[in-house]
Amino acid sequence: MTATTVLELAVCSVADRPAAEDARRAAMAAVKTYPGFVSWKALNSLDQRDLIADLVEWSDKESADAAAAKVQADPAFAPYMAAITGVTLMQHFSTTDTI
């Protein structure tokens, strides 16, 4: 992660984690081609089996916003979106300090 990028944090509930993980891998492969994409860290809660998170890095907020719109129509994302039963948090952040 670099100091000039935008981090997107999504914390979601899923009913079937293995199915959600498979669907997420397909979405990760698709997003690599999106303009402004930098990286995606897939996170699984150690304490709650139904809780996952995604930390996606974008070159800028405009790219993140454009990707959010594109995801809605991208067939590669449909299974992942269907696997998500609830969204606890979906926000964009800027980096202020890194150690």
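**Notebook: aromatic pairs**

Ring pairs join Y34, W40, F77 and Y80 into a cluster. I note at the start that this is a predicted model.

Entry 1. I counted the aromatic pairs. The count comes to four. I looked up F37 and W58 among them. Their rings are edge-to-face, with 5.8 Å from centre to centre and 80 degrees between the planes. The cut-off for edge-to-face is over 60 degrees. I then placed both residues. F37 belongs to strand β2 (residues 37–44) and W58 to strand β3 (residues 51–58), so this pair ties together parts 21 residues apart in sequence.

Entry 2. Is W58 buried or exposed? I find W58 buried, at a relative accessible area of 2%.

Entry 3. I turned to W40 and F77. Why is this pair stacked? The ring centres of W40 and F77 are 6.4 Å apart and the planes lie at 15 degrees, so I log the pair as stacked. The limits are centres within 6.5 Å and planes under 30 degrees apart. W40 sits in strand β2, while F77 sits in the loop between α2 (61–71) and α3 (78–83). The two residues are 37 residues apart, and I record the pair as a link between distant parts of the chain.

Entry 4. W40 has 13% relative accessibility and counts as buried. F77 has 5% and also counts as buried. Buried means under 20% here.

Entry 5. Back to the cluster, at Y34. Which residue puts its charged end over the ring of Y34? I find K70 there, with its charged end 4.3 Å from the ring centre. Y34 is also one of the cluster residues, along with W40, F77 and Y80.

Terms used: Residues numbered from 1 in each chain as written. Predicted model: local features only at pLDDT ≥ 70, side-chain atom pairs only at ≥ 80, totals over all residues. Heavy atoms only, no water. Phe/Tyr/Trp six-rings, centres within 6.5 Å; stacked < 30°, edge-to-face > 60°. Helix = DSSP H or I, 4+ residues; strand = E, 2+ residues; numbered from the N terminus. Buried < 20%, exposed > 50% of the residue type's maximum accessible area, 1.4 Å probe, protein only. Lys NZ or Arg CZ within 6 Å of the ring centre and 35° of its normal.
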